[in-house]
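Dear colleague,

Please find below the structure I am handing over to you. My findings follow it.

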Amino acid sequence: MIYLQLFLSFLQIGLFSFGGGYAAMPLIQAQIVDAHGWLTMSEFTDLITISQMTPGPIAVNSATFVGINIAGIPGAIVATIGCILPSCVIVTFLAKLYLKYRTMDLLQGVLNALRPAVVALIASAGVSILLTAFWGSEEKILLEETDWLLVVIFGLSFLLLDKAKMNPILVMILAGVMKVAAALIGGV
């Protein structure tokens, strides 16, 4: 039964995660944190972090991680197949349609209209993760409970990525080193 739940949950994620990995994060959260309780919000944030540090799409990495966590290697295989199956079918179908009708104004209009919705999905996921990172929860935001070290690491990382155009892998390594150094220096 758990294999069927994993397959169907990640089939839904794969079927409705338009806009790429970041847009899929609210869907992943809804399935694995809210609907099934397979992970806590803190574990979900860790999952997103791990998914960013490993090659491959966030949804597929999430499926594999959650599958292993819930039902071992067979669970990982079932969840991953559920996640990628819709994309394989839909992309094949859409590629044929797009190649045939790519110059049609209606199609271009639909694609343009979807962009703001995708940005909203990405922003929603980003805010949820940001709140969990700084306050440990989305529900209770108190200034005195702010993890200021993580706020500083976020700010520096943002500047390095946005202004200095530093390699994201180096920024992640630097962020990890800063946290470890702070823990060694001050027991943070």
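Which residues make the nonpolar surface patch of about 1000 Å²? Please bear in mind that this is a predicted model. The patch is made by Phe93, Leu94, Leu97, Tyr98, Leu99, Tyr101, Met104, Leu106, Val110, Leu111 and Leu114.

Two helices are involved: H4, which spans 58-101, and H5, which spans 105-135, each supply at least two residues of this patch. Helix H4 gives the largest share, with six residues. One of the patch residues, Tyr101, lies in helix H4. Tyr101 has a relative accessible area of 34% and is therefore partly exposed, since that value falls between the 20% and 50% limits.

I turn next to the aromatic side chains. Searching the whole structure gives three aromatic pairs. Trp135, by contrast, counts as partly exposed because its relative accessibility is 22%. Ring pairs also join Phe134 and Trp135 with Phe154 and Phe158 in a cluster.

With kind regards

Notes. Residues are numbered from 1 along each chain as its sequence is written. This is a predicted model: local features need pLDDT of at least 70, side-chain atom pairs count only at pLDDT 80 or more; totals for chains, interfaces and linings use all residues. Side-chain values use heavy atoms; hydrogens and water are left out. Patches are made of residues with over 30% relative accessible area and no salt bridge: like charges are joined within 9 Å, nonpolar side chains (Val, Leu, Ile, Met, Phe, Trp, Tyr) within 5 Å. Accessible areas come from the Shrake-Rupley method with a 1.4 Å probe; for residues, only the protein chains shown count as cover. A salt bridge is a side-chain nitrogen of Lys or Arg within 4 Å of a carboxyl oxygen of Asp or Glu. Helices (H or I, at least four residues) and strands (E, at least two) are DSSP runs, numbered from the N terminus. Buried means under 20% relative accessible area, exposed over 50%, partly exposed in between (1.4 Å probe, protein chains only). Rings of Phe, Tyr and Trp (its six-membered ring) pair if their centres lie within 6.5 Å; planes under 30 degrees apart count as stacked, over 60 as edge-to-face and the rest as tilted.
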